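Welcome! Please take a look at it before reading on.

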Amino acid sequence: MTKEELRRKVQLELSRRRQRAITLAEDNKAIAYHKIPRLLVLDNLSIDIGIQLARLGAAGGHLEEREEQKRLLDEVAKERRALLVEANFAPDFLEPRYTCPNCKDFGRTPQGICSCVTLLTQKLRRDEINARFPLSMCSFENFSLLHYKEEIDPAFGISAREQMTEVLERCKRYAAEFRKSSPNLYLFGETGIGKTHLALSIASEVLKKQFNVVYVSSQNIFFAMQQDRAEAANIIETLLAADLLILDDLGTELVNAYVISTLYNIVDTRMGRKRPTIYTTNIIDEALLTARYTEKISSRLLGSCEMYRLLGDDIRLQA
Ligand SMILES: [Zn+2]
């Protein structure tokens, strides 16, 4: 999505919001007029007084007369409110309920662009990135421990089943207790043993709590960024702004200087902002991580993450 397309989408969404608020207010007006016929009389009276006031104002002077009209207007408003309350409507039942009362969904205030435009822009960017991935397909409910062997793995002194039971519990707890200052996670283990599934399950729980979650696969996102450097700036901005970023399958991208500096930027900036990131990777060895991404990145990554070691055999190869 180019900047221009994004700008148009933002404007379209703003006008939709405005229209929705106004239509709803019109509907409510029809309901209220039906129930309280006197309201229509009062509303017409307000309009008349408004016109009268404008005339007096334009002519200049007539101070006393203007004060009298303003007093009348106040009285009409008071009666109107009382009638609404008496009929069990909220006092603001007839007012348009804008998504952003600050700019009435126009996207502008006298001070300039409204903050809701920034939020909406970020949301559209996020939706665009997340649309490439099936964020809602994986859940803790369809994560089966039956794929993991019960025999003790001599290398670890624990069975894959036991280890994964623990990891699953920790992931569930992480999702349940998620807040913007949650720790980073590093889910590591061999290919095909459920890292992405667990990361997506956390994503889907955290999304339900209305946090901004961005999920990207390392391979795809670094490829996309290098294909279109102008777009890359927007992507990075979105990754940095997410409440929770999931960088899946770190180590599958083609690594080069660009990837290393971009990854460093992401790791470092999110650490500085104290925003959690979940990394999944099949790089199970610190030396390999350092060799691939430099010491600067690997020490930051490993120093800032809770490490979850996944065990098991490739689920996709199991009958
Ligand atoms: Zn606004």
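## A glycine and its surroundings

Leaving aside residues up to four places away in sequence, Gly 251 touches Ser 218, Ile 283, Arg 292 and Tyr 293, where contact means heavy atoms within 4.5 Å. This is a predicted model, in which local features need pLDDT of at least 70, side-chain atom pairs count only at pLDDT 80 or more, and totals for chains, interfaces and linings use all residues. Residues are numbered from 1 along each chain as its sequence is written, and side-chain values use heavy atoms, with hydrogens and water left out.

Gly 251 sits in the loop between β7 and α9. Helices (H or I, at least four residues) and strands (E, at least two) are DSSP runs, numbered from the N terminus. Leu 63 is 188 residues from Gly 251 in sequence, and their C-alpha atoms are 77 Å apart in space.

The table compares accessibility; buried means under 20% relative accessible area, exposed over 50%, and partly exposed in between (1.4 Å probe, protein chains only).

| Residue | Relative accessible area | Class |
|---|---|---|
| Gly 251 | 22% | partly exposed |
| Cys 103 | 4% | buried |
| Cys 138 | 13% | buried |

## The sheet and its helices

In what order do the five strands of the open sheet run? The order is β6-β7-β8-β5-β9, with parallel pairing; two strands pair if DSSP finds at least two bridges between them. At the edges are β6 (213-217) and β9 (305-309), each pairing on one side only. On average, neighbouring strands are turned by 15° against each other, direction ignored.

Helix α9 (residues 257-272) packs on this sheet and touches β5 (184-188), β7 and β8, with its direction at about 145° to that of β7. Axes here are lines fitted to C-alpha atoms, for helices over the stretch in contact, and angles run from 0 to 180 degrees between N-to-C directions. Four bridges join the parallel strands β7 (residues 244-250) and β8 (residues 277-281), and Leu 250 stands opposite Thr 281 in β8.

Helix α11 (residues 295-304) has Ile 297, Ser 298, Leu 301 and Leu 302 as its buried residues. They lie on the same side of α11 because they cover an arc of only 110° around the axis, taken from the directions from the helix axis to the C-beta atoms. Among the elements covering them are β5, α9 and α10 (286-293).

## Two domains

The domain assignment, automatic or from a database, gives domain 1 (3-114) and domain 2 (132-317). Their C-alpha centres lie 50 Å apart.
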